[in-house]
Amino acid sequence: AQNKGNINIERINNHGLTGCLNFYQSFFHNTLIKINNGKCEDSLNIINSKGMITNIDIANAFSDGLDVDFSDINFGTVSIIKSGNDCLDVSAGNYNITKVTAIQCGDKGVSVGEKSNMNIETLIVADAFIGLSSKDLSITSVKHTIQENVKNCFEVTQKKQEFGGSKL
């Protein structure tokens, strides 16, 4: 458990999941999701899922706003405002996003890792340490971006020894 202020945070629940709201092996069809004040490791955690999520709005996340793993998902608009760590974190999947807005991210606006394929049409990041990180054999494509008050707009790296570099 972590203690941030007077809030005790368990990183993983009794099912091994890290989100306040978790979707596991789910199929999305034009889904809309809105979360505010998530006090978990991930405000929204999606695992091993497929489909189309039209809109996600997340605000005031304790740690990561949205964490997606082992999935194949198309996103319309993703808006994440104020996350303690990464606003959007994806790994081991295929992801297409029309528009991402990531504002006040404690670390990264968007983190793409572990052999992911990520295509972003429009990326807007403000107030983050890293705007977008592509790592560990991921292939990331961004068509348009606006970044403001970001220390490093882009990062391409190998973070984990069992993977290699990545492309952006």
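A salt bridge is a side-chain nitrogen of Lys or Arg within 4 Å of a carboxyl oxygen of Asp or Glu. I begin with that definition, colleagues, as it opens the way into the structure before you, which is a predicted model.

By this definition, the structure holds three salt bridges. Let me take Glu114 and Lys160 to begin with: their closest N and O atoms are 2.2 Å apart. This pair links distant parts of the chain, for Glu114 sits in the loop between strand S11 (108-113) and strand S12 (117-135), whereas Lys160 belongs to the segment after S13, 46 residues apart. Lys160 has a relative accessibility of 31% and therefore counts as partly exposed.

Next come Glu121 and Lys143, whose side chains meet in a salt bridge with an N to O distance of 3.9 Å. Glu121 lies in strand S12 and Lys143 in strand S13, so the pair ties together parts that are 22 residues apart in sequence. How accessible are these two partners? Glu121 is partly exposed, at 36% relative accessibility, while Lys143 is exposed, with a relative accessible area of 58%.

The remaining salt bridge joins the side chains of Lys108 and Asp107, at 2.8 Å from N to O. Is Lys108 buried or exposed? With a relative accessibility of 10%, Lys108 counts as buried, because buried means under 20% relative accessible area.

I turn now to the strands. Strand S6, residues 50-61, pairs with strand S8, residues 72-83, in the parallel sense, and the pairing extends over ten bridges. Within this pairing, Ala59 has Ile81 in S8 as its bridge partner. On to the next pairing: which strand do ten bridges join to S8, running parallel? That strand is S10, residues 94-105. There, Val78 stands opposite Val100 in S10.

Let us move to Asn45, which is placed in strand S5, residues 42-47. Its relative accessible area is 2%, and Asn45 is therefore buried. What does Asn45 touch, leaving aside residues up to four places away in sequence? Its contacts are Thr18, Gly19, Leu21, Asn22, Phe23, Asp67 and Asp69.

One of those contacts, Phe23, brings us to the aromatic rings. How many aromatic pairs does the count give? The count comes to one. The ring centres of Phe23 and Phe28 lie 5.1 Å apart and their planes stand at 70 degrees, so this pair is edge-to-face; the reasoning rests on the cut-off that planes over 60 degrees apart count as edge-to-face.

Finally, I come to the surface. Which residues form a nonpolar patch there? They are Phe154, Val156 and Leu168, which together have about 260 Å² of accessible area. Leu168 is found in the segment after strand S13 (139-157), and it counts as partly exposed, with 43% relative accessibility. Lys160, from the salt bridge with Glu114, is likewise placed in the segment after S13.

Thank you for your attention.

Terms used: Residues numbered from 1 in each chain as written. Predicted model: local features only at pLDDT ≥ 70, side-chain atom pairs only at ≥ 80, totals over all residues. Heavy atoms only, no water. Patch = residues over 30% accessible without salt bridge, like charges linked within 9 Å, V, L, I, M, F, W, Y side chains within 5 Å. Areas by Shrake-Rupley, 256 points an atom, 1.4 Å probe, with all protein chains shown as cover. Helix = DSSP H or I, 4+ residues; strand = E, 2+ residues; numbered from the N terminus. Buried < 20%, exposed > 50% of the residue type's maximum accessible area, 1.4 Å probe, protein only. Phe/Tyr/Trp six-rings, centres within 6.5 Å; stacked < 30°, edge-to-face > 60°. Pairing = 2+ DSSP bridges. Contact = heavy atoms within 4.5 Å.
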